[in-house]
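Subject: Structure handed over, with notes

Dear colleague,

I am passing on the structure below, and I would be grateful if you read the notes that follow with the coordinates open beside them.

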Amino acid sequence: MKQKLTIIAVGVFVGLVAILLGHFGNPGNMQFCVACFVRDTAGALGMHRAEAVQYIRPEVIGIVLGAFVISLVKKDFAPQGGSSPIIRFILGVCVMVGALIFLGCPLRLVLRIAGGDVNAMIGLVGFVGGILTGIVFLNSGFSLKRSYTQTKIEGVGMPVINVTLLVLLIAAPAFIFFSESGPGSMRAPWWMALAGASLVGVVAHRSRLCLIGGVRDGILLKDFHMLFPFAAILVTVLIGNLITGNFSFGTDGQPVAHNEWIWNIAGLYLVGFGSVLLGGCPLRQLVLTGGGNSDSGVTVLGFLVGAAIVHNFNLASSGAGTTPNGRIAFVVCTAIVFIVAFLNSKGIKYSRS
């Protein structure tokens, strides 16, 4: 019972951080979204030129550094990697394509539902479907092979990169881009976002917070305890939205969302499927990066490059809906993820030439 209450408390805390950041400036129903914030960071670095989504998000930095610090304090900082890095990078790109078709990561899925967004509620069908597809391949022996112990220099690489991003955020040199309108211009004070996200990084590291893992374990092992914190996030943010008048039930006029249901389902299907193969959702990948896992670091770099590709080639959805390029990209990326799953599953017989 104590463990259950602790994990629920983690969810309540993350929900409160999301409410706080939303109240002080982060976009509606996007108070805390890893995919969206990685996309904004890619724009700030000039990797894409979509002016509405450019800002070095301190939330991304905070999650990584919070997990890094707590792993050092608890003496479980364990640099490791070398498990199919190129494949992980490609899967990271594909997951980002799916997330920006839906317009959000699994955490934002929960936040959108808590805001009354029916589009997200319907998209949940695709998310679970993608996880179920991934589980089929896990049961067929899917593996990206083992990781190996690495040097501490390798493990601190991504935390150092995030410290560098923090310096760039504060110094704001001329070569860094900052949105003056759109979602990228909507932001809580950087110090508040950094502090809140750092604490989220700490509790997510200690609790192994991951929606993908929660659904996967619930289906595979009938162990649902990792879904409790997300239920707590949902209830906490829902109550906050009701109190502040930010709850709006329906499909139209939802912040940074579209109502093309088939593509909401499709985008989240790709996110769920790809994340199962990667071993965790985008939030979990950031946390593992802070703990010294270079495989997750490569995946996060895949997210970053994926965000740049999505906006440079007009793949991203908007409030107006999806784009033809985005629909084609979904088909291509889904095919890639299936190929990766098929070729790395021991239980599936095929000929190697």
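**Overall fold and contacts**

Among the contacts in the chain between residues at least 6 apart in sequence, 82% join residues at least 24 apart, where contact means heavy atoms within 4.5 Å. Please keep in mind that this is a predicted model, in which local features need pLDDT of at least 70 and side-chain atom pairs count only at pLDDT 80 or more, while totals for chains, interfaces and linings use all residues. Residues are numbered from 1 along each chain as its sequence is written, and side-chain values use heavy atoms, with hydrogens and water left out.

The chain has 15 helices and two strands, taken as DSSP runs numbered from the N terminus (helices are H or I with at least four residues, strands E with at least two). A compact globule of 353 residues would have a radius of gyration near 20 Å, and the 19 Å of the chain agrees with that; the radius is taken over C-alpha atoms, and the globule rule is 2.2 Å times the number of residues to the power 0.38. Along its principal axes, the C-alpha trace spans about 55 × 50 × 45 Å.

**Burial and the cores**

Of the 353 residues, 56% are buried, where buried means under 20% relative accessible area, exposed over 50% and partly exposed in between, with a 1.4 Å probe and protein chains only. The largest nonpolar core has 85 residues, of which F32, I63, F127, L209 and I233 touch the most other members; its largest share, 10 residues, comes from helix α12 (residues 261–278). A second, separate core of 11 residues includes A44, Y55, I61 and L166. A nonpolar core here is a set of buried Ala, Val, Leu, Ile, Met, Phe, Trp, Tyr and Cys residues joined through side-chain atoms within 4.5 Å.

Leaving aside neighbours within four places in sequence, F32 is in contact with V17, A18, L21, F37, E59, I63, L107, R108, L111, A197 and V200. Helix α5 is followed by G116, whose phi is positive, near 90°.

**Individual positions**

Most residues other than glycine have a negative phi. Against that background, N29 has a positive phi of about 60°; N29 sits in the loop between α1 (2–23) and α2 (34–44) and is buried, with a relative accessible area of 4%. S84, with a positive phi near 50°, lies in the loop between β1 (80–81) and α4 (85–102) and counts as buried at 17% relative accessibility.

In helix α3 (residues 58–73), S71 is buried because its relative accessibility is 0%. Leaving aside neighbours within four places in sequence, S71 is in contact with D76, F77, H205, G290 and G291.

Finally, L238, in helix α11 (residues 228–244), is partly exposed, with a relative accessible area of 27%. Not counting residues up to four places away in sequence, L238 touches A114 and F247, and its C-alpha lies 16 Å from that of N26, although L238 and N26 are 212 residues apart in sequence.

With best wishes
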